[in-house]
Amino acid sequence: MAKNYDRIIPVSEMPHTIYDLVTGSMETLYPECVAFRDVAEDGQTVLEWTYAQMAQDIRRTVAYIHANVPDWTGKKIAVLSRNCYEYGVIAFGVMLSGAVLVTLNQKKTWPELEYELGQVEPALILTDGIDYGYEAELKAAYGSLLRPMDAFKESEPVEKLENVIDPDGLLMIMFTSGTTGRSKGVMLSERNYATANQMYISGQQGIPDRKRELAPADRMGKPLSHFTLVPFFHLSGFICLFVYAMQGGALNICGDPRNFYRDIKLMPSDAMSTPPVLVQMVYNEVRRGHQDRLNGLWNLSCSSAALDAEILLYLVDHGFYINQCYSMTELAGDGLLNVEQDPGHIGALGKPAQEAEHKVDETGEICVRGGSVMLGYYKDPEATAEVIDRDGWLHTGDLARVDEEGFYYMTGRKKNLIILDSGENVSPEELENLLAECAEITECIVKEKGKKICAVIYCPEDKQDEVKAFVTNVNRTLPLYKRMTAVEFTAEPLPRNAMGKLLRK
């Protein structure tokens, strides 16, 4: 009987364990569906793997780990690779073996990776073999532990797959970006992901109707396909492994952003996870009349913390469905969800998911409690205690207000607050939003420098006098303590992290 892929899985029917995801969704419900696509080295051939194949390779991975890692339970297996089919196989295989998955950003510097590997003391490191600039150091330090990403192929799949995962035990470690110091290893459990998955599924209630309105006709009746450019070492990339497997959807892998247009042409896709830099790219293509280059892409999953509402509305008006999620690694992807497409709400972070408790505390900070809250930071109880209080509330560090309809709106970052000698607190985001109204400003950040509030601005050199005049006019509308008394111009774009967020230095 033909499956109805437009049907949204009720939370009561969705798999709540990784074991059920593999033996139920992959092997029973969607074995014939494409799980992964990738473009071969010739740049023309599209490779495909079904969920039946993926499930068998997951079983091979379990067998491989059991054969190659003594006393494997709780041992750390690190992955140092670009996105690929094998990454998904290894992720599920490691977790189902009873070992602990550790995802690493392969593009970090060797000192950063050396620190993270030293923290977790891996039993194996699975790598794609590409030299990212530290091949000699990696081999010198961990040569005997290095294995290729497809090492599982030498094993026969285990026939009897057992569910050995403790729902509340350590399942994986995902390192934060570390932009404000040493990165921290976020410890996540199966329950964390199950809670987050419920939010994603419940948030897709309007997807079937929007698909019929927006998707190309030749994609009706087919599972959603996701153009996967965001790396799996990042939470917004990794969560796709769960969400799409639950629905028989495909992940179309783009391992190199430079191949974006080639790959999306070869692998037509419905959806894409879009950090701010990708939202801007999509907007630019549509604004220039080049929407056809996106090959029918219509569903954008966005980070709702740093997006321009006018850009999002423009995309909605041009045939895109915008679903926004506010979350963080420490919440496994759970958080606030916004699927509103109207001007009154599209600028909101969203509303709380029902699977966890949310509040804005007396300081204005967003706090979350429930099954999505991480186990803590690996080997760092002090840092854990700083963000999870005695009552179990995780303090996100983000400031927000809540309107009468229950929508949360970002007002700033607690750690970014500029605290003046007078005791006044100034939100740099508030000032940055005012500066963003100047058309001549390409990018800007506001920070404290020499006890002054300083605006660092990237704009065309011939527009600097206009920008200075704009800042002067803005200052006239502000109380004295909030005024930007220093302005610096830069000839280069402001630095960003791997997800496109501006770095504050």
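1. A term to begin with: buried means under 20% relative accessible area, exposed over 50%, and partly exposed in between (1.4 Å probe, protein chains only). By that rule, buried residues make up 53% of the 505 residues in the chain.

2. Please keep in mind that this is a predicted model, where local features need pLDDT of at least 70, side-chain atom pairs count only at pLDDT 80 or more, and totals for chains, interfaces and linings use all residues. Residues are numbered from 1 along each chain as its sequence is written, and side-chain values use heavy atoms, with hydrogens and water left out.

3. On overall form, the C-alpha atoms fill a box of roughly 75 × 50 × 45 Å along the principal axes.

4. The chain holds 14 helices and 25 strands; these are DSSP runs (helices H or I, at least four residues; strands E, at least two), numbered from the N terminus.

5. Helix α2 covers residues 51-68. Its buried residues include Y51, M54, I58 and I65.

6. Where does G335 sit? G335 lies in the loop between β13 (321-326) and β14 (336-338). G335 is buried, with a relative accessible area of 1%. Leaving aside residues up to four places away in sequence, G335 touches M199, Y326, S327, K351, P352, A353 and H358, where contact means heavy atoms within 4.5 Å. The C-alpha atoms of G335 and I77, 258 residues apart along the chain, are separated by 28 Å.

Conventions
Expected span 1.5 Å × (residues − 1).
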